[in-house]
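Subject: Structure for you to look at

Hi,

Here is the structure I promised to pass along.

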Amino acid sequence: MAYTKIHAVKATVHKAIAYICSPDKTDGSLLISSYGCSPETAHFDFKFALSKTSHNDENKAYHLIQSFLPGEVDFDTAHQIGMELADKVLEGKYSYVVSTHIDRDHIHNHIIFCAADNIDHHKYNDCKRSYYRIRYLSDELCREHHLSVIVPDGQRGKKYNEWSADRHGDSRKSELRRDINAAIRSADTYDEFLHLLRAKGYVVKGENLDGKSPKYISFLPPGRERFVRGSIKSLGAEYTKERIAERISERVQKRGKALTVGYTGKRLIDTSQEKFQESAGLKRWAEIENLKTAASACSKVNSIADLEEKIAERSASAKRNREKLTILERRMKSMAEIIKYAQQYQENRPYQIRYRKAKNPDDYFRKHETELILYDGAKEMLRRAKIDHRTLDINKLRAEFSQMEQKKKELRQAYQTAEKDCRQLERELDKLEQYLNAEPDTVSVQKNTKEPTR
């Protein structure tokens, strides 16, 4: 599990980077990496990128923190995840520095990245949508590395300490939510819901829906001294009295569509329950519904073997496109870095020429230190990449990068489509296997026919 948060850096970028790169916190600077810059001169690179953007907001960089549960991950794996997260979030366009701090019980990554990208010179859009994307990508990486993740439950404003308490079962609010959910699942009416909670030892007040009661319903758990409000801020949007009544109504309506039996959508109905055994008509209805579900699945394939073959084909297609996408993303990351250094080289080369001709080189260097440092760094990086700076064509490089972006969209779409198809086919296979493996008292039909037994 990794907890993430992000905030803007509006000044003193060099101090923020110096803090996250502290040798005492990063195992003697071993757990520090960067892209599109070096940790020592990152603030110069950021300044250059920011000078190219037309946006005038004061954000110079962003500081993203990714914290892991104590004891869940080792130093190197945490740092690798931090690098992978930076690459996924920033897609090779933004310069960044990543450091992993190991001076506390919980290992955590610091990622500081420039607020302006190196390709289009656009500012990073820090909003709820971009933060949710960061959280999603962090969870995705945690799964890939076999770490736990925070499972969303639709609640607003749930803080980390409360989530952690819920996870370990020691939060009174968590226990209250579980009891409310259990009562909702068992009740046919709002009044029955209240009766079930009170029978469990709860004191409930403000429960009336007539508008004359207090705005919020409140619950006093057994053995507790303080009431807990059923409000969005306290328990979440699903636990106001209006929403509780709606949830009960919605559940009853769904159950009504299935003739007041355990409605399960497109999955098979378990007719071994007592309610089915007491009513022959109800059991017969459920058997027919199960036949419809199985027939729907059978109509899309010739056999289970055919379905399994299709799943294997779509799974292989998804894997191929995913591998191509990964390779392309690496190429784009390298290309974006070359474009960035090529631009830095060309724009700062005149300062280097003037520096060599200056009558007072020391004075000239003091005035143009940033430009000269960027020039030297860009020239060295191009040399390492075996790029001849004399034949650089930035427009050609940008055109090639644009083509890569289009190809990336196509591969991502193909990958996501294959994944979606694969999940759908697996659901169909699951329904078929449920049906064919069902016990005689669950569905009274022969497994080798699509007609009900008589």
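L176 sits in helix α6 (residues 172-186); helices here are DSSP runs of H or I with at least four residues, strands are runs of E with at least two, and both are numbered from the N terminus. With 0% relative accessibility, L176 counts as buried (buried means under 20% relative accessible area, exposed over 50%, partly exposed in between, with a 1.4 Å probe and protein chains only). If you skip residues up to four places away in sequence, L176 touches Y202, F219, V228 and L235, where contact means heavy atoms within 4.5 Å. L176 and F219 are 43 residues apart in sequence, and their C-alpha atoms are 8.3 Å apart in space.

Before I go on, the ground rules. This is a predicted model, where local features need pLDDT of at least 70 and side-chain atom pairs count only at pLDDT 80 or more, while totals for chains, interfaces and linings use all residues. Residues are numbered from 1 along each chain as its sequence is written, and side-chain values use heavy atoms, with hydrogens and water left out.

V204 stands opposite F219 in β7, and three bridges join β6 to strand β7 (residues 218-220), the two running antiparallel. Two strands pair if DSSP finds at least two bridges between them. The open sheet has three strands in the order β6-β7-β8, with antiparallel pairing. Its edge strands are β6 (203-205) and β8 (228-229), each of which pairs on one side only.

Elsewhere, β5 is worth a look. Seven of the seven residues of β5 are buried, so this strand is largely enclosed by the rest of the structure. In a regular strand the side chains alternate between the two faces of the sheet. In β5, H108, H110, I112 and C114 point one way and N109, I111 and F113 the other, and all are buried. What does β5 pair with? Strand β3 (residues 61-68) is joined to β5 by seven bridges and runs antiparallel to it, with Q66 opposite N109. Strand β4 (residues 96-101) is joined to β5 by six bridges, again antiparallel, with S99 opposite H110. A hairpin of six residues joins β4 to β5.

Most residues other than glycine have a negative phi. H121, in the loop between β5 (108-114) and α4, has a phi near 60°, and at 15% relative accessibility it counts as buried. H146 also has a phi near 60°, in the loop between α4 and α5 (160-167); at 74% relative accessibility, H146 counts as exposed.

On a 1 Å grid over the protein atoms alone, a cavity is a set of points where a 1.4 Å probe fits but cannot get out, and a pocket is an open set with protein on both sides within 12 Å along at least five of seven lines; lining residues have an atom within 4 Å of a point. Grid points are joined across faces, edges and corners, and a volume is the space filled by probe spheres set on the points.

Searching the whole structure gives one cavity of 30 Å³ or more. The largest cavity holds about 40 Å³, and F48, A49, K52, N118, H121, K340 and Q343 line it. The elements that give two or more residues to that lining are α2 (42-51) and α11.

The largest pocket holds about 970 Å³. Its lining has 25 residues, with K88, L137, E140, R322 and E329 nearest the centre. Which element gives the largest share of that lining? Helix α11 does, with seven residues. By class, the pocket lining has seven nonpolar, three polar and 15 charged residues (Ala, Val, Leu, Ile, Met, Phe, Trp, Tyr, Cys and Pro count as nonpolar, Asp, Glu, Lys and Arg as charged, and the others, Gly among them, as polar).

Helix α11 (residues 304-357) also holds Q344, which counts as buried at 1% relative accessibility. Leaving aside neighbours within four places in sequence, Q344 is in contact with D45, F48, L374 and A378.

For the overall picture, the chain has 14 helices and eight strands, and 43% of its 454 residues count as buried.

Cheers
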